[in-house]
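Below are my notes on the model, arranged as numbered points.

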Amino acid sequence: MSTAENKAADCSSGLSWARVCKECGQQHDCQDSHLYEYQEEVDDELVCHICLQPLLQPMDTPCGHTYCFHCLSNFLKEQDFCPVDRQRLQLQQCRPSSLLVRNLLDKLSVACPHYAECEALMQRCELQPHLHNRCPVFQRLREEAEKRKRPSWNELKGRKGDGDSSGDAKQTALPQTSSRDQPDPGLINPAYEECDDDNTPLRSSLVAEANVVELLREEPDEVLGLRIVGGKDTPLGNIVIQEIIRDSIAARDGRLAPGDHILEINDMSMASVPHSRAIALLRQPSLLRLTVMQEKGFKIRDPRSEPHTSPLAFSHPAQPSPGTVLQVTLMKSHRSEPLGIKLIRKSDESGVFILDLLSGGLAAKDGKLRNNDKVLAINGQDLRHGTPESAAQTIQASEVRVNFVVMRSEDNPDEGGSREGLSARASRRTPDPQYFRRRSTYMKDPPGGFSSQEKTVSMKKEPRLSLGITIAGGRDCRSRLPVYITSVQPVGCLHREGTIKRGDVLLSINGADLTQLTYKEAVSVLKAQTAQSQVVLRVIQTLSEDIEEEPDTCSKDERNLDDSREDALNWTPLWTRWLGLPSHMHWCRDIFLHKTNNESWGFSIVGGYEESHGQQPFYIKTIVPGTPAHFDGRLKCGDEIVAVNGATTVGMNNSSLIPMLKLQKNKVTLTVVSWPGSLL
């Protein structure tokens, strides 16, 4: 063996899964740049002038120089000028390099860092997939770590033991401040449930970890693909990701998930930041560095429990809730053999689904996978929010063994079936949308700090003169929103009158009710009534005590959006705008959850009566991975619970709601009001 090989072998023997970088495969501090084994001399134009290495996440300055993002951002924390020509410079002035430059960097030839055992050469952009799917050293390190570590959340199903209180704080991988060690006022967690059965594993507390995720917009106005709820001015307190938009920057990155709590944005703490301020920070055009707290599920304290470990294993509920999680292994005769699986994604649910198993194919012959199975993971690659394309790439990169983790709906029979049969079953079990989404009859007050006021405008106008407003919403949209105003155009009569503002919710025009109409119905009524010479328009405006942040954000939005009708149509209100609406304008839906006796429901809530805040609505704050609420997929962080099994939660405190939830042994019906989070 050569000296280089001996050195590489020595390095490999000292590697550990915890210390190795999951992107470049080298050992370096998380704050340092990635390291690569370049095989050819790199052109000086592609080298950073700070670290003198080929550029990583290249950023162009206004003065014409290019640096690695990490190098430049660290430099500008101490200085305020360009390192080369010393011209005044701020990071916000810099922009990502052109696609041509990024492609040239991606194509640089590199070697696998574990070249003593893996001699593969590839383009730089291919190194990370190689490490996770083909490198034997990387795979061995991962398997060894899995054998040593404690049981992970997605392997286990258990319950809380007698020695734990229902308010246990989360155990985290990183130390937290003292304020985070205490449970929030009004926080209850039906995920923690006690049982006298000594034969079941002891579920002690939630396991969570803090991670740093960086997202880079290639264009300043590019959508991140996040919906955000919460803030210090809301009952949730924390800033929470409600949803990941499909095919967005965040979805392609794959590290963020619904329910993640954002602790810091670009090293700025979100502990005392109102909602609108957090949204403004997240809309910055430069790279975003997010520190997020991510739930991993429950830790089991039963020393007798030694479950089988795997890179990504999901809990197996004894009773579907709403489906059963299965592991299926397919063995190919050779690496290029096709599996015979058609994968799709659905418009109403994130993730990857099996559309069909081709007759005579490997999967069809094996017989364990079924049409309509949801693919949770392939070879340890988490696909709960993935795409068919990413799933296909994982399969193509696999060797002869392909491990699937799928969730099978309780409505999906073991016999499998054709696409026609599947479609027929789906049509039979599809409930009336009105049953799940209906006008709320539960009367309650909005959360503290939020309110609304009605405004009426009466004016005479020429029949041909337009009101000059654009609208969105309607009870036929996904969130069953009331019709609201997205812009007030300067050419219309309402702009001159000055009372009606963007974000106002339409109540009626000339006595014609608009609150329960679909979008098309509202447009028809508005056009008909606008033709009259006398117009009386009633709207409702929501108000918030957080007045120091909202006006600046909105005025900037007005300047940007009023110039373009297309942008005005795409404008959406902040999540906090909906909180002040009176309850008669809410639409609610019923969510049925099922579980076994030894399972938890898997969500935590805030709200109820508090001495410092009075009566507050109950909101979903956390949804725990691997639980019925998580697998069901319909509950979202920020949803308001207005009833349990038809009994209103108005007037309840924690001591009333906790027993009500615990008494529901196997099933519960939650009536919730869900508002869409602020879109980024």
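1. Two strands count as paired if DSSP finds at least two bridges between them. The model is predicted, and by that rule 3 of its strands make an open sheet, ordered S3-S2-S4 with antiparallel pairing. Strand S3 (66-68) and strand S4 (95-96) are at the edges with a single partner strand each, so one side of each has no neighbour in the sheet.

2. Within this sheet, strand S2 (residues 58-60) pairs with S3 over 3 bridges, in the antiparallel sense. Met59 has Tyr67 in S3 as its bridge partner. Helix H2 (residues 69-78) lies across S2 and S3 and runs at about 95° to S3.

3. Strand S5 (residues 109-111) is joined to S6 by 3 bridges in the antiparallel sense, and Ser109 is opposite Gln123 in S6.

4. Aromatic pairs are counted when ring centres lie within 6.5 Å, and the count comes to 5. One of them is Phe75 with Phe81, an edge-to-face pair at 5.6 Å centre to centre with 80° between the planes. Why is Phe81 counted as buried? Its relative accessibility is 13%, and the cut-off for buried is under 20%. Phe75, with a relative accessible area of 23%, is partly exposed.

5. The rings of Tyr484 and Trp571 are also edge-to-face, because their planes stand at 65°, with the centres 6.4 Å apart. This pair links distant parts of the chain: Tyr484 belongs to strand S23, while Trp571 is in the loop between helix H16 (565-570) and helix H17 (575-579), 87 residues apart. Both Tyr484 and Trp571 are buried. Ring pairs join Tyr484, Trp571, Trp578 and Trp675 in a cluster.

6. Which residues place a charge over a ring? Arg86 lies over the face of Phe81, 4.1 Å from the ring centre. The charged end of Arg124 sits over the ring of Tyr36, at 5.5 Å from its centre.

7. Where is Val491? Val491 is in the loop between strand S23 (481-488) and helix H13 (493-497). With a relative accessible area of 66%, Val491 is exposed. The C-alpha atoms of Val491 and Leu467 are 8.5 Å apart, and these residues are separated by 24 residues along the chain.

Notes
Residues numbered from 1 in each chain as written. Predicted model: local features only at pLDDT ≥ 70, side-chain atom pairs only at ≥ 80, totals over all residues. Heavy atoms only, no water. Helix = DSSP H or I, 4+ residues; strand = E, 2+ residues; numbered from the N terminus. Contact = heavy atoms within 4.5 Å. Axes fitted to C-alpha atoms, helices over the stretch in contact; angles between N-to-C directions. Buried < 20%, exposed > 50% of the residue type's maximum accessible area, 1.4 Å probe, protein only. Phe/Tyr/Trp six-rings, centres within 6.5 Å; stacked < 30°, edge-to-face > 60°. Lys NZ or Arg CZ within 6 Å of the ring centre and 35° of its normal.
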